[in-house]
Amino acid sequence: MKQWQEMLEISLVHPGLWPNAANDEKVWEHSIRTVLEDSFFERIEIAPIANSNRRRQFAEWLRVANMNASYLLQPLIFGKELNLHSSNKEEQMQAVNQIMQAMDDAVEAGADRVAVISGPKNLNEQYEDELQRLCDSLLLLDKAAKERNLQLDLELFDTDIDKNRFFGNSNMAAHLMNLLEKHTTNLSLLVDLSHVPLLGEDIEETVHNTNNWLGHVHIGNCSIDRKDDRFGDKHPYFGYQNGCHSVPEVAAFLKDLIEVGYINRSGKAGLGIEIMTTAGEEPGLLMAGAKRTLIKALQALEDAPIKDGE
């Protein structure tokens, strides 16, 4: 794909590559600066920052580095077991309120996007009732995001393999967004290539079902081999022996994103790289390998026709 730098805003999902950054201030600072100093990236996607002084420092670094940031609330939702569609009204509103507080932190940290996920899947709940409660919570969060000038991304997650979230596959995502699109302004979908096999879907199906509401995408890998140590949503490097994705799959994903107009000539489409470090792996090597995978996939689409956009 020629001139891809003009059509893509490449980001890196920070917490996956540097899991120790959550508990080690030196690792956090060094790793954050590593990404900010790399001109390949125009956006960094970070986990919540607990310390106000550190948030303000991070915001200053963003300004100096001319960088954008997304605030990933998935770690908060997992860590505190928040559930936006809980049948317990108090628990539901607690989740909404904690996410709103995290939105304030995101603003202080200089971020312009926040990402959320649903709570756990509950087989004892009625699907339509649970979906309605999720809609109710998202309406509140969309309003809060608009007030804070934040884009709110709802990520599709696996429902049966590893993380066992309520939301979901791409058909469910389309149904939800059809219910909400006339009532929301700042809500969009985040589709992760690594989650597609975990949901039992194919790339084309996922992209075409969600294309009307795509706000951001991730490229990553996964393993659906139950005997493999990295089975599930563990984001191994591209080309991992028992993984699902390498250059051809990334190229196929990009091709479909071009076909539906998500990647177009009218502006920069967000595309994040998400790889997770495991024992014995070096973040720098993983990052370099992922960048090369993306570049090779883009080169494979050099002659792909690009739409002008809206």
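Predicted model: local features only at pLDDT ≥ 70, side-chain atom pairs only at ≥ 80, totals over all residues.

A: Contact here means heavy atoms within 4.5 Å.

Q: What is I273 in contact with, leaving aside its neighbours within four places in sequence?
A: Beyond those neighbours, I273 is in contact with I10, S11, L12 and V13, with F40 and F41, and also with I219, A290, K291 and L294.

Q: Which residues have the most contacts inside the largest nonpolar core?
A: They are I44, F58, F167, L176, I273 and L294, in a core of 92 residues. Helix α6, which covers residues 127–147, gives the most to this core, with seven residues. As a general point, nonpolar side chains in soluble globular proteins tend to be buried together.

Q: Why is H245 called buried?
A: Buried means under 20% relative accessible area, and H245 has 5%, so the label applies. H245 is placed in the loop between β7 (214–219) and α9 (247–259). Leaving aside neighbours within four places in sequence, H245 is in contact with L193, S194, P197, G220, N221, F238 and G239.

Q: What does the side chain of H245 reach at 3.0 Å?
A: The side chain of H245 reaches the backbone oxygen of G220 at that distance, and a polar contact requires a pair of N or O atoms within 3.5 Å.

Q: Why does E9 count as buried?
A: The relative accessibility of E9 is 11%, and the cut-off for buried is under 20%; E9 therefore counts as buried. E9 is found in strand β1, residues 8–13, and its side chain makes a polar contact with the side chain of R43 at 2.7 Å. Leaving aside neighbours within four places in sequence, the residues in contact with E9 include E42, N68, K268 and L271.

Q: How do you know what span helix α10 should have, and what do its end C-alpha atoms show?
A: The expected span is 1.5 Å times one less than the number of residues. For the 18 residues of α10 (residues 283–300) this should come to 26 Å, and the end C-alpha atoms are 26 Å apart, which agrees.

Q: What makes the buried residues of α10 line one face of the helix?
A: The buried residues are P283, L286, M287, A290, K291, T293, L294, A297 and L298. Seen down the axis of α10, they fall within an arc of 155°, so they line one face. They pack against β1, α1 (14–17), α2 (25–36), β7, α9 and β8 (269–273), whereas L285, R292, Q299 and A300 are exposed on the other side of α10.

Q: Why do N66 and N149 count as exposed?
A: Exposed means over 50% relative accessible area. N66 is at 70% and therefore counts as exposed, and N149, at 63%, therefore counts as exposed too. N66 lies in the loop between α3 (52–65) and β3 (68–72), and N149 in the loop between α6 and β5.

Technical notes. Residues numbered from 1 in each chain as written. Heavy atoms only, no water. Core = buried A, V, L, I, M, F, W, Y, C linked by side-chain atoms within 4.5 Å. Buried < 20%, exposed > 50% of the residue type's maximum accessible area, 1.4 Å probe, protein only. Helix = DSSP H or I, 4+ residues; strand = E, 2+ residues; numbered from the N terminus. Polar contact = N/O pair within 3.5 Å; in protein donor to acceptor, adjacent residues only side chain to side chain. Arc of directions from axis to C-beta.
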